[in-house]
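Please keep the sequence and the coordinates in view while reading.

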Amino acid sequence: MTADLSKGSRVSPLAAPLTAADIDEAAERISGVVTRSPLQFNERLSEATGANVYLKREDLQAVRSYKARGAFNLMAQLSAEELAAGVVCSSAGNHAQGFAMACRSMRTHGRVYVPAKTPKQKRDRIRYHGREFIELIAVGSTYDLAAAAALDDVARTGATLVPPYDDVRTMAGQGTIAAELLEQLDEEPDLVIVPVGGGGCIAGITTYLAERASGTSVLGVEPAGAASMIAALAAGEPVTLEHVDQFVDGAAVARAGALPYAALAAAGDMVALTTVDEGAVCTAMLDLYQNDGIIAEPAGALSVTALLEADIEPGSTVVCLISGGNNDVSRYNEVVERSLVHLGLKHYFLVDFPQEPGALRRFLDEVLGPGDDITLFEYVKRNNRETGEALCGVELSAATDLEGLLARMRDSDIHVELLEPGSPTYRYLT
């Protein structure tokens, strides 16, 4: 789903609880703690789109994401009594690292609630940045369950909650990204592309650009399996998604924040939202790594994924926010797999082999093409004396080779069933 990007009404400073002045104050407040991240021209993406593409490298922060901005800006405004009571946060990983760094720099004890599926790399980095000042608690299968546990903690102990996105102080800290990029460019950009999870970052950036730039549009990008902000704007209020794909863990939020939603709703048509397929995100991650030496986590690659799918005006100036680089290397097998499936290079089949000599040889010689490679082969059922069903994974040299492969399968006396991505059988077997 993509909304119109035409430039139109600008949000009034009085139309939302957050203002550009709040963001300017936040920039001063965090200047001694948070790094001014580089804004880098990218020749590869510029040539691919015909635009002048810059990458805002928040993956190069000490915590490898922009999240330290919001966490520190909020905590720096807490009273001595609030800090003494302790602080609590919930996070998919990145907010927790910013929170942990803020706790250590302010020598304040905090508790961090993360989903049980949070990658080990992110957990280790949370502990590293917080040291003895944080306690890490893994609970629930999703971010929303971890958030509920954090709220229970606050109600029980009287600690102060540090929200990852649904707080004006957090949003102001994230909005400092926009203040920086306007200073780093000679002219204001035509388009800024921002990953969207709970919405705090895009709300802060949009609010600042609405007041400080005259013609910049914002494109927010959500993973197709977790489009909570698009759902909120369609419903006229935040709604809870029934199912969330957890792969893009940094943006896998079932319900958009109420304050970020209000800020985007007030922004009018200067902001649009779109979704991208998780497989396309994996392809963008691999391209960033192999071509540009950038280690982006799935959420960090959302902006570049959308850039390559959007209708970009040639000659325009586009900024893509690389929001984070906390990617566990153990996930790369899955990243490669999802990318190959998305590109049409990897396919799975159920092959019903006749239980007779030479059946497998005929399949290899008569069905597979010269550039086709079997990457998986395992029998699923062998209790029938006449046939034996096997799961077969095939990687093609080119996506266009699939048509010939399917034609040879139809002509063969061996029964073959293509497993469609997203089907129940496909999810179960792979």
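**From the sheet to the cores**

In this predicted model, strand 1 and strand 2 (residues 52-57) run antiparallel and are joined by three bridges. Within this pair, L39 is the residue that stands opposite K56 of strand 2. Both strands belong to an open sheet of six strands with mixed pairing, in the order 1-2-10-7-8-9. Strand 1 (39-41) and strand 9 form the edges, each pairing on one side only. From one strand to the next, the twist averages 25 degrees.

Helices pack on this sheet. Helix 8 lies across strand 1, strand 2, strand 7 and strand 10, and its direction makes about 135 degrees with strand 2. Helix 9 touches strand 7, strand 8 (217-223), strand 9 and strand 10, running at about 160 degrees to strand 7.

The largest nonpolar core comprises 39 residues, of which V194, I202, I205, L209 and M229 touch the most other members. Several elements each supply at least two residues of this core, among them helix 1 (20-30), helix 8 (168-184), strand 7 (191-195), helix 10 (228-235) and strand 10 (317-322). Helix 9 gives the most, with seven residues. The surroundings of I202 can be listed in detail: apart from residues up to four places away in sequence, I202 touches V194, V196, V218, G220, L264, V271 and L273.

The next topic is a pair of helices. Two packed helices are described by the angle between their axes and the distance between the axes. For helix 12 (residues 278-292) and helix 14 (residues 332-342), the angle is about 115 degrees and the axes are 7 Å apart. The crossing of helix 12 past helix 14 is left-handed. On the side of helix 12, the contact is made by E278, G279, A280, C282, T283, M285 and L286, while helix 14 contributes Y332, V335, V336, R338, S339 and H342. By class, seven of the contact residues are nonpolar, four are polar and two are charged.

T108 lies in the loop between helix 5 (94-106) and strand 4 (110-114). Is T108 buried or exposed? T108 counts as buried because its relative accessible area is 5%, where the cut-off for burial is under 20%. Beyond its neighbours within four places in sequence, T108 is in contact with L83, V87, C103 and F133.

Terms used:
Residues numbered from 1 in each chain as written. Predicted model: local features only at pLDDT ≥ 70, side-chain atom pairs only at ≥ 80, totals over all residues. Heavy atoms only, no water. Core = buried A, V, L, I, M, F, W, Y, C linked by side-chain atoms within 4.5 Å. Buried < 20%, exposed > 50% of the residue type's maximum accessible area, 1.4 Å probe, protein only. Helix = DSSP H or I, 4+ residues; strand = E, 2+ residues; numbered from the N terminus. Contact = heavy atoms within 4.5 Å. Axes fitted to C-alpha atoms, helices over the stretch in contact; angles between N-to-C directions. Left-handed = near helix turned anticlockwise from the far one by under 90°. Nonpolar A, V, L, I, M, F, W, Y, C, P; charged D, E, K, R; others polar. Pairing = 2+ DSSP bridges.
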